[in-house]
Amino acid sequence: MEERKARAASEGWLGEIEGIDRTLQCLRDKRADALRLTRITRQVDLGMPAISTGR
């Protein structure tokens, strides 16, 4: 990705540079959200319910 950004800069492709920067920022945000959610939603073992035979 860095090579592509460097080429875009050397060619003067400002839109391409902006697109790369936005993509990288979206990926960083998504990763941060995923890490935040794993800290918030911890699984809790509730065990297995007992089955009543009804007798």
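**Salt bridges and helix packing**

Arginine 36 and aspartate 33 lie three residues apart in helix H2, a spacing of about one helical turn; helices (H or I, at least four residues) and strands (E, at least two) are taken as DSSP runs, numbered from the N terminus. The model is a predicted one, in which local features need pLDDT of at least 70 and side-chain atom pairs count only at pLDDT 80 or more, whereas totals for chains, interfaces and linings use all residues. Residues are numbered from 1 along each chain as its sequence is written, and side-chain values use heavy atoms, with hydrogens and water left out.

Arginine 36 forms a salt bridge with aspartate 33, and the closest N and O atoms of this pair are 3.8 Å apart; a salt bridge is defined as a side-chain nitrogen of Lys or Arg within 4 Å of a carboxyl oxygen of Asp or Glu. Arginine 36 is partly exposed at 38% relative accessibility, and aspartate 33 is likewise partly exposed, with a relative accessible area of 39%. For these terms, buried means under 20% relative accessible area, exposed means over 50%, and partly exposed lies in between, as computed with a 1.4 Å probe and with protein chains only.

Five salt bridges are found when the whole structure is searched. One of them joins arginine 4 to glutamate 16, with 2.6 Å between the closest N and O atoms. Because arginine 4 lies in helix H1 (residues 2-11) and glutamate 16 in helix H2 (residues 14-40), this pair ties together parts that are twelve residues apart in sequence. Arginine 4 is exposed, its relative accessible area being 51%, while glutamate 16 is partly exposed at 28%. A further salt bridge is formed by arginine 7 with glutamate 11, where the closest N and O atoms are 3.9 Å apart. Both of these residues lie in helix H1, four residues apart, which is about one turn of the helix. Arginine 7 counts as partly exposed at 48% relative accessibility, and glutamate 11 is partly exposed with a relative accessible area of 43%.

The packing of the two helices was examined next. H1 and H2 pack at an angle of about 155 degrees, and their axes are 9 Å apart; axes are lines fitted to C-alpha atoms, for helices over the stretch in contact, and angles run from 0 to 180 degrees between N-to-C directions. The two helices, H1 and H2, are therefore roughly antiparallel to each other, given that angles under 35 degrees count as roughly parallel, over 145 as roughly antiparallel, 65 to 115 as roughly perpendicular and the rest as oblique. The crossing of H1 and H2 is left-handed, a term used if the near helix is turned anticlockwise from the far one by less than a right angle, with right-handed used if clockwise. To the contact (heavy atoms within 4.5 Å), H1 contributes Glu2, Arg4, Lys5, Ala8 and Ala9, and H2 contributes Glu16, Ile17, Ile20, Asp21 and Leu24. These residues divide into five nonpolar, no polar and five charged, where Ala, Val, Leu, Ile, Met, Phe, Trp, Tyr, Cys and Pro count as nonpolar, Asp, Glu, Lys and Arg as charged, and the others, Gly among them, as polar.

Isoleucine 17, which is found in helix H2, is buried, with a relative accessible area of 17%. When its neighbours within four places in sequence are left aside, isoleucine 17 is in contact with Lys5, Ala8 and Ala9. Between isoleucine 17 and alanine 6, which are eleven residues apart along the chain, the C-alpha atoms are separated by 8.6 Å. Alanine 6 is found in helix H1 and counts as partly exposed at 46% relative accessibility. Isoleucine 17 and arginine 39, on the other hand, are 22 residues apart in sequence and 33 Å apart in space, C-alpha to C-alpha.
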